[in-house]
Amino acid sequence: MAAFSLTCRSAVMLGRTGPANRQQAGPMHQFVDLDALRAVCLTLPAGNAAAAAAVRERQQVLTKPVGSLGRLENLAAWLARWQSREMPRLERVDVLVFAGNHGITRQGVSPFPSTVTAQMVANFSNGGAAINQLARVADAKLRVLPLSLETPTEDFTEAPAMREPEFLRAVATGYGAVATDCDLLCLGEMGIGNTTAAAAIAAALFGGDGTRWAGRGTGIDDAGLARKRRVIDAALERHAACLGDPLLIAMVLGGRELAAILGASLAARQHGIPMLLDGFVCTAAAAPLARLVPGALDHAMLAHLSAEAGHRILADALGLAPLLDFGMRLGEASAAALVVPLLRAAVACHTGMATFAEAAVDNRA
């Protein structure tokens, strides 16, 4: 596939003008080109195994039967591993929602017009969306970052969704949005048409066609679903030369908000921040990292199993076990925020419970 990738890359680099397009991503990295981004993706720090082991050791002597808190115990160890703390904490929880518009909406893949993206961003700003309420309940800081909503990406049945400079700008935006002192990162998105982009990315990464991956998104009818499937198949055929490279797949089939999620996922790993992926779109946006580097999403938990058709297939392909299954399909980091109180409970039990010795309770013989 190497020759095909090079052919595809030359097609999506048009419009690049040199140093003026260089983007600062985070405090240390400049994604000058795809090779620079790839280099950061290929040098990922490991989690702190000693911190996770310390959590498991403490769990053995807390006033409860061994393993009786089930996945809560695993969650505490996971947080410790990626925070590099024997006593994990959730003092700062950030929710990042990236918003973008898609040229593919011209193909009738959503019942809503692309103007809804900006209207929902305004709704977020006014505190009127579900994520505002859920972030408040989670005691989390919500930030919404719109990415050039006035200029949708290209219709990817006709051209690459993004050229290299704009793709790198979006990745850098996501990377730079991650605060290095964050204890937990929740990722989400808003973008009319982005379930079509997510399904196309999933198909390109893991095989299959529009019938396998396309769902009803925001509620398309049968005719709309058939169009969506055809659009995905057309995109896969048009960009067949790119399908051997996960980063090129993200560029030619994705959207700015998906690219920003990829960048934020990469930054979280580089900074040692555990993160929660939201639904189908968010998972598909981060999936190119896992295809590029096995284990690249070990610092991520899947918040829930979306009702969107392809999410279970994608979760299984990535080896991610969802924490919740509530039949949700809203996006906007809603399920990720919903999981935060669950993680707070895991931390509270681990850090606040007494040991058998401290409580003067007899342990088992």
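Colleague: What volume does the largest cavity have?
Modeller: This is a predicted model. A search of the whole structure finds 1 cavity of 30 Å³ or more. The volume of the largest cavity is about 30 Å³.

Colleague: Which helix gives the largest share of the lining of the largest cavity?
Modeller: The lining consists of C41, L44, S265, L266, R269, L289, V293 and A296. By class, that is 6 nonpolar, 1 polar and 1 charged. The largest share, 3 residues, comes from helix 12 (residues 256-271).

Colleague: How much space lies in the largest pocket?
Modeller: The pocket is a separate matter from the cavity, because a pocket is an open set, whereas a cavity is a set of points where the probe fits but cannot get out. The space in the largest pocket is about 460 Å³.

Colleague: Which residues are the closest to the centre of the largest pocket?
Modeller: The lining of the largest pocket counts 28 residues. The closest to the centre are N194, T218, R329, L330 and G331.

Colleague: Which helices and which strand each supply at least two residues of the lining of the largest pocket?
Modeller: By class, this lining has 11 nonpolar, 11 polar and 6 charged residues. The elements that each supply at least two of its residues are helix 5 (115-125), helix 8 (194-206), helix 13 (280-292) and strand 5 (184-190).

Colleague: In what order do the 5 strands of the open sheet stand?
Modeller: The pairing is parallel. Neighbouring strands are turned by 25 degrees against each other on average, direction ignored. The order is 4-3-5-6-7.

Colleague: Which strands stand at the edges, and why is one side of each left without a neighbour in the sheet?
Modeller: Each edge strand has a single partner strand, so one side of each has no neighbour in the sheet. The edge strands are strand 4 (141-146) and strand 7 (300-302).

Colleague: Which residue of strand 5 stands opposite V97?
Modeller: Strand 3 (residues 93-99) and strand 5 run parallel. The two are joined by 7 bridges. Opposite V97 stands G188.

Colleague: At what angle to strand 5 does helix 13 run?
Modeller: Helix 13 also supplies at least two residues of the lining of the largest pocket. Helix 13 lies across strand 5, strand 6 (275-277) and strand 7. Its angle to strand 5 is about 110 degrees.

Colleague: And at what angle to strand 5 does helix 15 run?
Modeller: Helix 15 covers residues 334-352. Helix 15 lies across strand 3, strand 5 and strand 6. Its angle to strand 5 is about 165 degrees.

Definitions and conventions. Residues are numbered from 1 along each chain as its sequence is written. This is a predicted model: local features need pLDDT of at least 70, side-chain atom pairs count only at pLDDT 80 or more; totals for chains, interfaces and linings use all residues. Side-chain values use heavy atoms; hydrogens and water are left out. On a 1 Å grid over the protein atoms alone, a cavity is a set of points where a 1.4 Å probe fits but cannot get out, and a pocket is an open set with protein on both sides within 12 Å along at least five of seven lines; lining residues have an atom within 4 Å of a point. Grid points are joined across faces, edges and corners, and a volume is the space filled by probe spheres set on the points. Helices (H or I, at least four residues) and strands (E, at least two) are DSSP runs, numbered from the N terminus. Ala, Val, Leu, Ile, Met, Phe, Trp, Tyr, Cys and Pro count as nonpolar, Asp, Glu, Lys and Arg as charged, and the others, Gly among them, as polar. Two strands pair if DSSP finds at least two bridges between them. Axes are lines fitted to C-alpha atoms, for helices over the stretch in contact, and angles run from 0 to 180 degrees between N-to-C directions. Contact means heavy atoms within 4.5 Å.
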